[in-house]
Amino acid sequence: MIPVATVRTRVRVPLRFTDGYTASAEVVTFDGLTDGLEHLALVFGDPVRPLVRLHSECLTGDVFGSARCDCGPQLREAVERIDGAGGVLLYLRQEGRGIGLYAKLDAYALQDAGLDTYQANTALGLPEDARDYTAAAQMLAALGIAEVDLLTNNPDKVRQLRERGVTVAGTVPTGVHATPDNLRYLDAKVRHTHHTLALPELAG
């Protein structure tokens with residue numbers, strides 16, 4: 001059994017993206033999350049079986065539009081799809097797959113020297129992926145959600161939620177947001193952690 005978290009605050013927030021897309025979400029905060037971080041749930045509609053996305057914070061991609069990853073486009077896609085279907089976007093404060101912003105940028109420097117995203121973390125003495133989704137399961141439970149369709153290409157998210165008592169009834173893949181700048185990064189996710197992404201061939 002995971003520890004119980006409770007809803008702290010609910011507030012309606014209008015959203016507007018740089019491409020003009022708008023939506024309205026109920027933003028929910030929590031007390032009692034095991035990791036002590038300030039994660040958010042953005043709730044859209046009131047479906048029987050919600051579409052849920054676990055999105056790990058990425059300052060460079062979500063805010064500044066970095067093309068080194070696919071995080072910004074995935075966030076934008078997730079909001080529109082969940083807004084249409086009804087569901088919840090969990091915005092998790094897990095920058096850099098849980099290693100933090102500065103360490104992520106240290107890893108970027110190593111990637112520029114030829115390492116892939118996982119090798120760079122290891123070279124820094126850090127986990128390849130430090131994310132733990134216990135808080136996500138707590139948030140869903142606090143919202144009264146026990147069964148979800150999960151918007152993801154990452155099998156580890158499915159595994160961890162199921163291990164923490166969430167019924168993942170189905171998975172829905174995200175789009176593939178490949179660019180020349182992020183293709184090596186996405187290729188590493190497919191090869192190393194078995195993300196379900198259909199990528200164009202890498203040159204060379």
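Which residues is Leu-54 in contact with, leaving aside its neighbours within four places in sequence? Here are some notes on that and a few other spots.

1. Before the details, a word on the ground rules. This is a predicted model, in which local features need pLDDT of at least 70, side-chain atom pairs count only at pLDDT 80 or more, and totals for chains, interfaces and linings use all residues. Residues are numbered from 1 along each chain as its sequence is written, and side-chain values use heavy atoms, with hydrogens and water left out.

2. To the opening question: Leu-54 is in contact (heavy atoms within 4.5 Å) with Leu-90, Leu-92, Tyr-133, Ala-136, Leu-150, Lys-157 and Leu-161, once neighbours within four places in sequence are set aside. A separate core of 15 residues lies apart from the largest one, and includes Tyr-21, Ala-25, Ala-78 and Leu-151. A nonpolar core here is a set of buried Ala, Val, Leu, Ile, Met, Phe, Trp, Tyr and Cys residues joined through side-chain atoms within 4.5 Å. Buried means under 20% relative accessible area, exposed over 50%, and partly exposed in between, with a 1.4 Å probe and protein chains only.

3. The largest nonpolar core has 25 residues, and Ala-41, Leu-54, Val-88, Leu-90, Leu-143 and Leu-161 touch the most other members. At least two residues each come from strands S2 (22-31), S3 (40-44), S4 (51-56), S5 and S6 (147-151), and from helices H5 (134-142) and H6 (155-163). H5 gives the most, with five residues. Helices (H or I, at least four residues) and strands (E, at least two) are DSSP runs, numbered from the N terminus.

4. H5 deserves a look of its own. Seven of its nine residues are buried, so H5 is largely enclosed by the rest of the structure. The buried residues of H5 pack against S2, S3, S4, S5, S6 and H6. Just after H5, Gly-144 takes a positive phi of about 80°.

5. H2 (71-85) passes a simple geometry check: at 1.5 Å a residue, its 15 residues should span 21 Å, and its end C-alpha atoms are 21 Å apart, which agrees. The expected span is 1.5 Å times one less than the number of residues. Buried residues of H2 include Cys-71, Leu-75, Arg-76 and Val-79. Gly-86, which follows H2, has a positive phi near 90°.

6. Now the cysteines. In an unreviewed entry, UniProt lists Cys-58, Cys-69 and Cys-71 for "binding site"; such annotations may be inferred rather than shown by experiment. Cys-69 lies in the loop between helix H1 (59-63) and H2 and is buried at 6% relative accessible area. Cys-71 is in H2 and is buried at 12%. Not counting residues up to four places away in sequence, Cys-71 touches His-55, Cys-58 and Asp-62.

7. On the aromatic side, the count comes to one pair (ring centres of Phe, Tyr and Trp, its six-membered ring, within 6.5 Å; planes under 30 degrees apart are stacked, over 60 edge-to-face, the rest tilted). The rings of Phe-17 and Tyr-21 have centres 6.4 Å apart and planes at 45°, so the pair is tilted. Phe-17 is partly exposed at 22%, whereas Tyr-21 is buried at 18%. The charged end of Arg-76 sits over the ring of Phe-17, 5.7 Å from its centre, where a charge over a ring needs NZ of Lys or CZ of Arg within 6 Å of the ring centre and within 35 degrees of the ring normal.

8. Finally, do glance at Arg-97: this residue has a positive phi of about 55° although it is not a glycine. Arg-97 is placed in the loop between S5 (87-92) and helix H3 (101-112), and is buried at 11%.
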